[in-house]
Amino acid sequence: MTDNGRPAMNLNRKIIISPQAMARTVGDEVVILDLDKGAYFGLNAVGARAWQLWAAQKTIAETVELIALEFEAPAETVTTDLLELVQDLKTANLVELSD
Amino acid sequence: VIHVGIENFLGPVLAAKLLEHCIASESVFGASTVGAGGDVKSTVRQSRRLEDLGTLRGAIERRVALHAPWAIKQLGITAYPVKGLELELVAHEEGAFYKRHIDLFTGRDRSEGQDRFLTVVCYLHREPKAFEGGELRLFEGLPSRLPEEDRFIDIEPGHDLAIAFSSWLPHEVRPVRCPSLSFADARFALNCWLLRDRNDAALAAELA
């Protein structure tokens with residue numbers, strides 16, 4: 001378990017983008033369209049980079065490593081933020097985790 | 001990047017033949033429709049459309065297939081295996097326009113089998129150009145921004161110039177002025193939509 005009571009996530013898993021999620025890039029942001037609901041989901045620069053890396057089939061661990069490097073941020077902070085984002089996207093049915 | 005432009009999209013010979021086909025087909029262009037139900041709404045869209053591309057369809061499909069992969073990569077949009085191509089010709093005569101919209105149906109309007117994911121619009125007109133206006137206005141459409149604050153760019157149509165963009169990028173056609181009122185002087189557009197099967201997963205992206 002993690003400090004917030006959630007089960008620990010295996011960082012070697014990949015993020016599978018749902019067929020109902022369609023993305024496009026605007027500047028350094030990414031906009032995701034939920035086709036079933038017709039709703040939009042916006043990602044800031046860090047989230048946008050994570051989305052690009054997931055779309056390129058990088059694992060969560062690889063994504064953390066690359067983002068920490070590119071944005072000069074502590075890996076622990078990046079891990080926390082990305083897991084929160086994954087959870088939000090999962091709740092919205094826009095992504096799933098690989099086995 | 002929210003759009004890419006491709007000059008000489010069809011090439012001079014095919015572009016000339018398609019323009020000739022448009023002009024010769026004046027009597028069979030019908031009222032343009034909007035939405036999944038195919039309704040005619042003249043307050044939203046005024047133009048005439050034609051699905052019949054005659055014998056040119058195969059050559060046009062090959063040109064779209066040639067350019068689409070590059071456009072998808074440049075745009076950074078989600079890419080899917082292409083499972084179909086929808087084509088139509090649209091004639092924008094005096095007073096024609098199309099208010100802000102997207103080309104993709106979502107929610108309850110979503111089609112059962114396939115979704116559009118890339119729009120390519122190729123313009124055709126006689127030289128010299130005999131209409132004014134008709135710019136393609138592309139909006140960034142960020143959810144973090146109010147619609148009235150949305151930034152946009154206007155693109156002037158040019159003969160055999162194609163503009164490719166995500167099918168859910170908000171866009172509109174600015175009003176056309178065509179003083180001669182001659183159909184042959186209209187702003188013609190070839191609309192192309194790449195289709196994917198509804199449950200197909202995205203193709204693995206290449207990292208920039």
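How many salt bridges does the rule find across the interface of chain A and chain B? I looked that up first. The rule finds two across this interface. A salt bridge here is a side-chain nitrogen of Lys or Arg within 4 Å of a carboxyl oxygen of Asp or Glu.

**Ground rules.** I am working on a predicted model, where local features need pLDDT of at least 70, side-chain atom pairs count only at pLDDT 80 or more, and totals for chains, interfaces and linings use all residues. Residues are numbered from 1 along each chain as its sequence is written, chains are lettered from A and ligands numbered from 1 in the order written, and side-chain values use heavy atoms, with hydrogens and water left out.

**Interface.** I took Arg110(B) and Asp36(A) as one of the bridges; their closest N and O atoms are 2.5 Å apart. I also looked for polar contacts. There are 10 such residue pairs across the interface, both residues at pLDDT 80 or more. The term means a pair of N or O atoms within 3.5 Å; within protein, one must be able to donate a hydrogen and the other to accept it, and residues adjacent in sequence count only if both atoms are side-chain atoms. On the side of chain A that touches chain B, the elements giving two or more residues are strands E2 (21-26), E3 (29-34) and E4 (39-43) and helix H1 (45-55). E2(A) gives the most, with six residues. Helices (H or I, at least four residues) and strands (E, at least two) are DSSP runs, numbered from the N terminus.

I then checked the extent. In contact (heavy atoms within 4.5 Å) are 26 residues of chain A and 34 of chain B. The two chains bury about 2200 Å² between them, 60% of it on carbon and sulfur atoms. Buried area is the accessible area (1.4 Å probe) that two parts lose on being put together, summed over both.

**Salt bridges elsewhere.** One network links Asp36(A), Arg110(B), Asp115(B), Arg196(B) and Arg198(B). Arg100(B) bridges to Asp150(B) at 3.3 Å between the closest N and O atoms. Arg100(B) is in strand E6 and Asp150(B) in the loop between E9 and E10 of chain B, 50 residues apart. Arg100(B) is partly exposed at 35% relative accessibility, whereas Asp150(B) is buried at 7%. Buried means under 20% relative accessible area, exposed over 50%, partly exposed in between (1.4 Å probe, protein chains only).

**Rings.** Phe29(B) and Phe188(B) form a tilted pair, 6.4 Å centre to centre with 55° between the planes. Phe183(B) and Phe188(B) pair edge-to-face at 5.3 Å and 75°. These ring pairs link Phe29(B), Phe183(B) and Phe188(B) into a cluster. Phe29(B) is buried at 5% relative accessibility. Phe183(B) and Phe188(B) are buried too.

**Charges over rings.** The rule wants NZ of Lys or CZ of Arg within 6 Å of the ring centre and within 35 degrees of the ring normal. Arg116(B) lies over the face of Trp193(B), 3.7 Å from the ring centre. The charged end of Arg196(B) sits over the ring of Tyr80(B), 4.2 Å from its centre.

Note on methods: Rings of Phe, Tyr and Trp (its six-membered ring) pair if their centres lie within 6.5 Å; planes under 30 degrees apart count as stacked, over 60 as edge-to-face and the rest as tilted.
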